[in-house]
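Dear colleague,

Please find below the structure that I am handing over to you.

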Amino acid sequence: MDNRHSPPPSPSPPESITVTGLDCHYGRHLAVKGIDLIIPAGEVTALVGHNGSGKSTVLMALAGLHTLSAGTITGAPEDVAFVPQHSSAPDQLPITVGETVTMGRWAKTGLFGRLDAADRQIVDGCLTQLHIADLTERRLGDLSGGQRQRTLVAQGLAQRAPLLLLDEPLAGVDAEAVRLIGRAIDGARSAGTTIVLATHDEAQAAVADQVIRLHQGTITEVLAR
C-alpha cells in the first residue's frame with residue numbers, strides 16, 4: 001500500500017492532570033493535605049481561597065517547585081510556565097521589561113542561547129498583547145504594580161508552555177491590567193493552553209471553567225461551569 005500521500009498523524013490531544021493524595025509541608029507545618037483533583041486540559045481552573053488556604057502551595061507543586069510529602073501528580077507536562085505575584089519580584093533587580101519577557105524563551109533557547117526570528121516575534125507579540133511594548137527599556141523596579149504584573153504575564157505567555165500557572169494574577173493591579181491580563185488568559189485558553197490560577201477574588205474565579213475552593217489545605221468544593 002502506498003502511504004506517500006497519506007496525511008501525517010494528528011498530534012495527541014493534551015492530557016488532563018490528575019492530583020491524588022497530595023500532601024505538602026513547610027517544615028513541620030502541613031500546608032496541603034489529601035488533595036485529589038483533576039485539571040481538564042485546555043481549560044481554566046481557579047483555585048480559590050483566603051491566604052493560607054493552600055492554593056499557592058498547590059500551584060508550586062504543579063510547577064515542580066515544591067517537594068511532595070505524599071501523593072502523585074500525573075499528566076503534567078515537562079514544560080510549565082509559572083507566573084508569580086508581581087510583589088514576588090524584587091525591586092532591586094537590574095532588569096528591563098524587554099529582558100524579563102525575553103526570559104520566557106529560555107526554556108527553548110537555554111540561558112545563553114540566541115533568539116531566532118520566531119523567538120523575537122513571540123516576544124514582540126507578547127509585549128504588544130499586554131500593552132507594554134513602549135516600556136521595553138524600563139527597569140522592572142520602576143514599574144507600577146499593574147505594569148509589573150503585565151510584564152510577568154507576558155513572560156509566562158512567551159514561554160508557550162502547554163501549562164500556565166498564575167498566582168494571584170490580578171491582585172492589587174489597576175483596571176487596565178485587569179482587562180489586559182483577563183484578555184490574555186482568554187486568548188491562551190482559546191489556543192489550547194491549560195491554565196491554573198490561584199485567586200481570592202470571586203469575580204476572577206467566575207471566568208474559570210472549573211472552580212476549586214480550598215480551606216486550610218483541603219478542598220471544600222468543586223464546581224464545573
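Where does glutamine 159 lie? Glutamine 159 is found in the loop between helix 5 and strand 6; helices (H or I, at least four residues) and strands (E, at least two) are DSSP runs, numbered from the N terminus. Please note that this is a predicted model, in which local features need pLDDT of at least 70 and side-chain atom pairs count only at pLDDT 80 or more, while totals for chains, interfaces and linings use all residues. Residues are numbered from 1 along each chain as its sequence is written, and side-chain values use heavy atoms, with hydrogens and water left out.

Glutamine 159 and its surroundings

Glutamine 159 counts as buried because its relative accessibility is 17%; buried means under 20% relative accessible area, exposed over 50%, and partly exposed in between (1.4 Å probe, protein chains only). Its side chain is joined to that of aspartate 79 by a polar contact of 2.7 Å. A polar contact is a pair of N or O atoms within 3.5 Å; within protein, one must be able to donate a hydrogen and the other to accept it, and residues adjacent in sequence count only if both atoms are side-chain atoms. Not counting residues up to four places away in sequence, glutamine 159 touches Asp79, Val80, Ala81, Gly104, Arg105 and Ala107, where contact means heavy atoms within 4.5 Å.

An open sheet of 6 strands runs in the order 5-6-7-3-8-9, with mixed pairing; two strands pair if DSSP finds at least two bridges between them. Strand 5 (80–83) and strand 9 (218–224) are at the edges with a single partner strand each, so one side of each has no neighbour in the sheet. From one strand to the next, the twist averages 15°. Helix 5 (residues 145–158) lies across strand 5 and strand 6 (163–167), at about 175° to strand 5. For such angles, axes are lines fitted to C-alpha atoms, for helices over the stretch in contact, and angles run from 0 to 180 degrees between N-to-C directions.

Within the sheet, strand 3 (residues 44–48) and strand 8 (residues 210–215) pair in the parallel sense over 4 bridges. Threonine 45 is placed opposite glutamine 210 in strand 8. Alanine 46 belongs to strand 3 and is buried, at 0% relative accessibility. Leaving aside neighbours within four places in sequence, alanine 46 is in contact with Leu197, Ala205, Ala208, Gln210, Val211 and Ile212. The C-alpha atoms of alanine 46 and glutamine 204 are separated by 8.4 Å, although these residues are 158 residues apart along the chain.

Two further buried residues

Isoleucine 35, in strand 2 (residues 29–39), is buried with a relative accessible area of 1%. Among the residues that isoleucine 35 touches, not counting those up to four places away in sequence, are Val19, Leu22, Leu214 and Ile219. Threonine 96 lies in the loop between strand 5 and helix 2 (97–102), and is also buried, at 15% relative accessible area. Beyond residues up to four places away in sequence, threonine 96 touches Thr136, Glu137, Arg138, Arg139 and Leu140.

Yours sincerely
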